[in-house]
Amino acid sequence: MPPRSIGTATISFGLVSVPVSLYSASESSATVSFNMVHKACGTRLKQQYICPKEGGVVEKDDIAKGYEFAKGQFVLFTPEEVKALDEKATNSIDIVEFVPLAAVDRIYLEKVYYLGPDKGGDRAYRLLGEALKDTGRAALGQYSARGKQHLVLVRPLDGVLVMEQLHYAAELRPAAEVPHPETPVKEAELALARQLIEQTATDEFRPENYHDTVRERVLEAIQNKVEGQEITSEAAPAETKIIDLMDALKASLAKRGTSTEEKKPAKRVGAKADEADAAPKKRKAGGRG
């Protein structure tokens, strides 16, 4: 089933316009959610707002939006005023500059959308994609939607344009704020750490090799519960205490080496193994003759 477009926009750079359709790049059903239910009768509960001052339920018509400008003090806005403050959706992805793709740190990434060519935009769409691919650059600009203005990056991927919604610089906390040690690293430890990394290093990113085992476990437990089975918690794994960093690195290398050696014979099981097993049998058969 082909993906369904969630909106349309126009990429604008210079005097060139590229009409595009937006598509979700991910599924929203990955999270298993639970509802609040009345334990006595099994009915789903409704959410209500309670005024802590008056102690009663506040109806929808009596609810207003407010901004807390001081502790406990709010300035109220009508729905019309809130709407007037919203950024007007222009449906235009305004490209400001082209930057090297490698220059945009991954920490800025927030959401990802696919862009497909809209009516009449095939040639311009293909042209932009090929130009970005040849130059190794990505288009950086802004896009207004749903009352907000987003910083976006447009890049090519397998013949398709991808729009990455980025965080603004002011939204990110500096990494320098995180406490980090200045402890010197011993060369011997560093050599073992490099060796451990090389043992499990790969040249390709293969996300299909990974799946959400927690989600699978939860769904299985839910199905068991539907069928009348009780859910029991598994025993927590014993904690591994690292006494010495060098010992831990050496043990890790030894464990990886053993597991690698154990896997290698399994791959060789086949013709050579059969020949090796068959040879003694032939000799015995010849001896009996």
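Is R155 buried or exposed? R155 is buried, at 19% relative accessibility; buried means under 20% relative accessible area, exposed over 50%, and partly exposed in between (1.4 Å probe, protein chains only).

This is a predicted model, in which local features need pLDDT of at least 70 and side-chain atom pairs count only at pLDDT 80 or more, while totals for chains, interfaces and linings use all residues. Residues are numbered from 1 along each chain as its sequence is written, and side-chain values use heavy atoms, with hydrogens and water left out.

The whole structure holds 5 salt bridges, each defined as a side-chain nitrogen of Lys or Arg within 4 Å of a carboxyl oxygen of Asp or Glu. The table lists some of them, including that of R155.

| Pair | N to O distance |
|---|---|
| R155 and E164 | 2.5 Å |
| E130 and R126 | 3.4 Å |
| K225 and E230 | 3.7 Å |

E164, the partner of R155, is buried with a relative accessible area of 10%. E130 and R126 lie 4 residues apart in helix α2 (residues 122-135), so about one helical turn separates them. E130 is partly exposed at 33%, and R126 is exposed at 56%. Helices (H or I, at least four residues) and strands (E, at least two) are DSSP runs, numbered from the N terminus.

Strand β9 (residues 137-145) has 7 of its 9 residues buried, so the rest of the structure largely encloses it. β9 is antiparallel to strand β7 (residues 92-100), with 7 bridges, and also to strand β10 (residues 148-157), again over 7 bridges; strands pair if DSSP finds at least two bridges between them. A139 has V154 in β10 as its bridge partner.
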